[in-house]
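Have the sequence and the structure open as you read.

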Amino acid sequence: MPRPLRVIAAAFALLLVTACNSASSGGSTPSSVRGVTADTIKVGGIVSMTTASGYSKKDTDLGARARYDRANAEGGVNGRKIQYLGAEDDGQDPARNLAAARKLVQQDEVFAVSPMSSVTFAGADFLDGQKVPTVGWGTLPSFCGPAHIYGFNGCLVPTPGGTLNQTWPESLAAVLGGARGKSVALIAGDNDAGKFGIRTFTQGFKAAGFRVAYAKAVVPATSMPSDWSAYTKEILRSGPGGGAPDAVVSVMQTPYNIGLFTALKRSGYKGLITDPTDYDPGLLAKEATKQALDGVHVLLQFQPFESDSPAMRQFKDDIKKAAGKDVPLNMHMMTGYMSADLFLSIARKAGKDLTVESFQNAAAGFSDSGTLVGDRAEPKGKKESFGCGALVRLKNGRYEVAVPFKCYPPIPFG
């Protein structure tokens, strides 16, 4: 080979060696894994920020950011920092939910979606098909079974062969002095979440010993009723002998609950009222809202903010840092925080070589204990919830713990 060509070849080889050494030393070199570089993991979220009723889960995004911020401050996950893009707003619309999922994967090229919190999950099949690890609040059937989708507190709407979380029925039984001889009325919105909620809670309350006097998913999901009398009349005549039931259980969001609970109270109802959504000090700013929710028992599937455990103190500190100030805490923050926490915990176990396959392998044998949602385990969470919760009651403008955080044995669902 002529000398000029040997010089050029040697120089080219030197450039290749230098480039390879640079790539192996860290840097932000491209990875063959979507959303993963040598020093970052790209994650996005899908949250109902805006809705037709005015209800918003926007603080889910803050909760997730708070947890990712702490992870990054502690050095990231096996040396990689979380690049959190924030949450896409699906507006509780199935088409927008799917569009958000497509954008995050095809345009933003995220490794994972966490959190996902909405009453619709039209993007579930797409995300699972694209092998995108997805973590959110497991209130929809899509969190129960698909390989790449995880509920931060397990599967809350199981399929036959799975199990049911008995926190709500057992906690209400404790408040009412037992379930025997007691009747409940269950009401929900006319949507997928409402229908599945009615189905599962009907079985759960019956198993706990309650008589289910009324169980319907009939409230329009897209337009809140201005007149609740048709619903209240039917509910208040559903109990034994045509009287009122001992408890009214609402599986609906806050604006609907305010309307329903106000109507029930104006009708003279004196029984127990309960729901799984209205744990939010910000709701107490308006007098009408505070009155509507006064006395209501709210189901929590995490430790109450009133607890003083190390994990709760850490949560509060993380939220304050992310918000830049003290802010009223709410359950949406916890949803985002614990969705991020489960993703981080599994990703950390997956090791330095993070791929979808290594993440899935880590999830298949994952377990931990003592978290804000109790003990966690996969793949158990694909078929059942992690089974823990509490009841708080709003009294005189303040939340108080009515039934402490406890884990209850699940029951078979069929």
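Let's start with a strand pair: strand 14 and strand 15 run antiparallel to each other and share seven bridges. Two strands count as a pair here if DSSP finds at least two bridges between them. Before going on, a word on the ground rules: this is a predicted model, where local features need pLDDT of at least 70 and side-chain atom pairs count only at pLDDT 80 or more, while totals for chains, interfaces and linings use all residues. Residues are numbered from 1 along each chain as its sequence is written, and side-chain values use heavy atoms, with hydrogens and water left out. Helices (H or I, at least four residues) and strands (E, at least two) are DSSP runs, numbered from the N terminus.

**The hairpin and its neighbour**

Within that pair, Gly-389 sits opposite Lys-406 in strand 15. The hairpin has two residues between its strands, and Asn-396 takes a positive phi near 55 degrees. Strand 14 also has another partner: strand 11 (residues 297-300) is joined to it by four bridges, again antiparallel. There, Leu-299 faces Leu-391 of strand 14. How enclosed is strand 14 by the rest of the structure? Largely, because six of its eight residues are buried. Buried means under 20% relative accessible area, exposed means over 50%, and partly exposed is in between (1.4 Å probe, protein chains only).

**Two disulfides**

How many disulfides does a search of the whole structure find? The search turns up two, taking a disulfide as a pair of cysteine sulfur atoms within 2.5 Å. Counting bonded cysteines along the chain, the pattern is 1-2, 3-4.

The link of Cys-388 and Cys-407 is right-handed, with 90 degrees about the S-S bond.

The other disulfide joins Cys-144 and Cys-155, with the sulfur atoms 2.0 Å apart. Cys-144 is in the loop between strand 4 (134-136) and strand 5 (149-151), and Cys-155 is in the loop between strand 5 and strand 6 (163-164), so the bond ties together parts 11 residues apart in sequence. The torsion about the S-S bond of Cys-144 and Cys-155 is about 100 degrees, so this disulfide is right-handed too.

| Cysteine | Relative accessible area | Class |
|---|---|---|
| Cys-144 | 9% | buried |
| Cys-155 | 1% | buried |
| Cys-388 | 3% | buried |
| Cys-407 | 42% | partly exposed |

**Helix 11 and the cores**

Helix 11 (residues 331-350) has 20 residues, which at 1.5 Å a residue should span 28 Å; its end C-alpha atoms are 29 Å apart, in agreement. That expected span is 1.5 Å times one less than the number of residues. Since 18 of the 20 residues of helix 11 are buried, the rest of the structure largely encloses it. At its start, a side-chain oxygen of Asn-330 comes to within 3.0 Å of the backbone nitrogen of His-332. Just past the helix, Gly-351 takes a positive phi of about 90 degrees.

Now for the nonpolar cores, meaning sets of buried Ala, Val, Leu, Ile, Met, Phe, Trp, Tyr and Cys residues joined through side-chain atoms within 4.5 Å. The largest has 76 residues, and Tyr-68, Ile-82, Phe-111, Tyr-279, Phe-315 and Phe-343 touch the most other members. Which helix gives this core its largest share? Helix 11 does, with 12 residues. Apart from this core lies another, of 22 residues, including Trp-168, Val-184, Phe-210 and Val-212.

Strand 7 (residues 183-189) and strand 8 (residues 211-219) pair in the parallel sense, over seven bridges. In this pair, Ala-185 is opposite Tyr-214 of strand 8.

Finally, Gly-414 is in the segment after strand 16 (411-412) and is exposed, at 70% relative accessibility. Gly-414 and Pro-160 are 254 residues apart in sequence, yet 4.5 Å apart in space, C-alpha to C-alpha.

Definitions and conventions:
Polar contact = N/O pair within 3.5 Å; in protein donor to acceptor, adjacent residues only side chain to side chain.
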